[in-house]
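User: I would like to learn how to read the features of a protein model one at a time, with the general idea before the particular case. Could you take me through this one?

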Amino acid sequence: MITRDQLAELDADDALAPMRGRFHLPEGVIYLDGNSLGPMPKATAARVAEVVRQEWGEGLIRSWNDAGWMDMPFRIGGKIARLVGAPEGNVIVADSTSVNLFKLLGAALAARPGRRVILSERGNFPTDLYMAEGLAALLDRGHTLRQVEAADIASAIDDDTAVVMLTHVNYHTGAMFDMAAITEAAHAKGALMLWDLAHSAGAVPVDLAGCGADMAVGCGYKFLNGGPGAPAFLYVAEHLLPTIRFPLTGWLGHAAPFAFEGSYRPAPGIAGGFVGSPAVISMSALEVGIDIALDAPIAGIRAKSIRQTALFAELVEQECPGHGLVLASPREAARRGSQVCFAHSEAYPIMQALIARGVIGDFRAPDILRFGITPLYLRYADLWDAVAILRDVLTSGEWRQERFQTRRKVT
Ligand SMILES: *Cc1c(COP(=O)(O)O)cnc(C)c1O
């Protein structure tokens, strides 16, 4: 039996406990959705205000140089590189995750001419699959997106596979791939390996260079707490940089943007991955979130995450038996990212009822209750309190109320 007192004791000697104070967390909310939209760091508002009032308001266009706006995508990319095991010059901040996927997939197909398959997991995040489909259709050269079950990925890689595109931690179940093993399997067949780190960066240790990954993308607004719609990042391994050709040829990816030449010449290396002007205000918010992540050792984050995800799953099973909740995340810690999911046929109204009681997780179609575990600001006792509310919602049947049944635009 797990008790609330035991959890409060864990909080008392949690080395990460002080990190919570760096976030604004609304009263009466237990936030289990930091894997969808991270909460606001307290320092963000002042930093964004400074960028708006001083750098934009006073500096005007001079700030592209004087306030270092033009260098921000490299500077912040360099900080992200430290979180994902990459050399500092191999990561830039740009665009959205979806657009970065398109750019890197295009570059991967160009680097493997003659191979026609983009291989991915059935059940990968839809935008990853959609961008691959759209690129293949646009190229119209016989490329296809092939989707197989997670367990069959390694054996499905063959001589026609140009690139293996996988999300390291599955958004739906929290299942985590063995990055080193899959990357090695891709390379053994001459394919490139592209990782989506949307649910990994800032949540689990990642060693892109150590694993030999060729390319990666990741998201700024989830575990990196960069704010809604924060810019994303992309990584390209050193060995690809001399020859990489990105498919989107905007002026900021040009070798000399301010020469205003009449035709495109790619900037060398990763700078060719830029398209248009960087989102300066959004990037300034993102940097605050990343600075916090850099202050928290990832080994400590991972250890607390493993403990919290295991405790949460155990608590739900202890406190809510007989209500039809089925654990949908791997029980084995090494195969689990930083979330816990339960399947239930009435997952949607149950999650709406939980949200109405201040326990914010999310629903993922068709039947998943998803709870993000974010060690930077989540206390052990919060797990107890969230599960007590879940138990209440289930035993009282309050989720059956009419108001919890209607689907809203964002779930
Ligand atoms: C959240 C997420 C995205 C988001 O893409 P955007 O272009 O930022 O909307 C992409 N891929 C995965 C796996 C995600 O979890």
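User: Which residue in β8 is the bridge partner of Thr167?

Analyst: Strands of a sheet pair through backbone hydrogen bonds, and the pairing may be parallel or antiparallel. In this model, which is a predicted one, the partner of Thr167 in β8 is Asp196. That bridge belongs to a parallel pairing in which strand β7, residues 161-167, is joined to strand β8, residues 192-196, by five bridges.

User: What is the strand order of the open sheet of seven strands, and which strands are at its edges?

Analyst: The order is β4-β10-β9-β8-β7-β5-β6, and the pairing is mixed. The edges are taken by β4 (91-93) and β6 (144-148), each of which pairs on one side only. From one strand to the next, the twist averages 20°.

User: Which way do the residues of strand β9 point, and are they buried or exposed?

Analyst: In a regular strand the side chains alternate between the two faces of the sheet. In β9 (residues 215-218), Met215 and Val217 point one way, Ala216 and Gly218 point the other way, and all are buried.

User: Which helices pack on this sheet, and at what angles do they run?

Analyst: Helix α4, residues 72-83, lies across β4 and β10 (233-236), and its direction is at about 125° to that of β4. Helix α8, residues 179-188, packs on the sheet by touching β7 and β8, making about 150° with the direction of β8.

User: Which residues touch the most other members of the largest nonpolar core?

Analyst: That core has 48 residues, and those that touch the most other members are Val84, Val164, Trp195, Leu197 and Leu208. For Val84, leaving aside residues up to four places away in sequence, the residues touched are Leu197, Ala201, Val206, Asp207, Leu208 and Phe233. There is also a second, separate core of 39 residues, which includes Leu315, Cys320, Met351 and Ile373.

User: In what order do the strands of the four-stranded open sheet come?

Analyst: The order is β11-β12-β15-β14, with antiparallel pairing. β11 (326-327) and β14 (362-364) each have a single partner strand, so each has one side left without a neighbour in the sheet. Between β11 and strand β12, residues 339-343, the antiparallel pairing rests on two bridges, and Leu327 has Phe342 of β12 as its bridge partner. Helix α11 (residues 298-319) packs on this sheet, where it touches β11, β12 and β15 (368-372), at about 25° to the direction of β12. Helix α12, residues 347-356, lies across β14 and β15 and runs at about 40° to β15.

User: Which residues of helix α1 are buried, and which are exposed on its other side?

Analyst: An α-helix has 3.6 residues a turn, so residues three or four places apart point the same way. In α1 (residues 4-12) the buried residues are Leu7, Leu10 and Asp11. They cover an arc of only 105° around the axis and therefore lie on the same side of α1. Asp5, Glu9 and Ala12, on the other side, are exposed. The buried residues pack against α11 and α13 (380-396).

User: Where is Val410, and is this residue buried or exposed?

Analyst: Val410 is in the segment after α13, and a relative accessibility of 76% makes this residue exposed. Although Val410 and Phe363 are 47 residues apart in sequence, their C-alpha atoms are 9.7 Å apart in space.

Technical notes. Residues numbered from 1 in each chain as written. Predicted model: local features only at pLDDT ≥ 70, side-chain atom pairs only at ≥ 80, totals over all residues. Heavy atoms only, no water. Pairing = 2+ DSSP bridges. Contact = heavy atoms within 4.5 Å. Axes fitted to C-alpha atoms, helices over the stretch in contact; angles between N-to-C directions. Core = buried A, V, L, I, M, F, W, Y, C linked by side-chain atoms within 4.5 Å. Buried < 20%, exposed > 50% of the residue type's maximum accessible area, 1.4 Å probe, protein only. Arc of directions from axis to C-beta.
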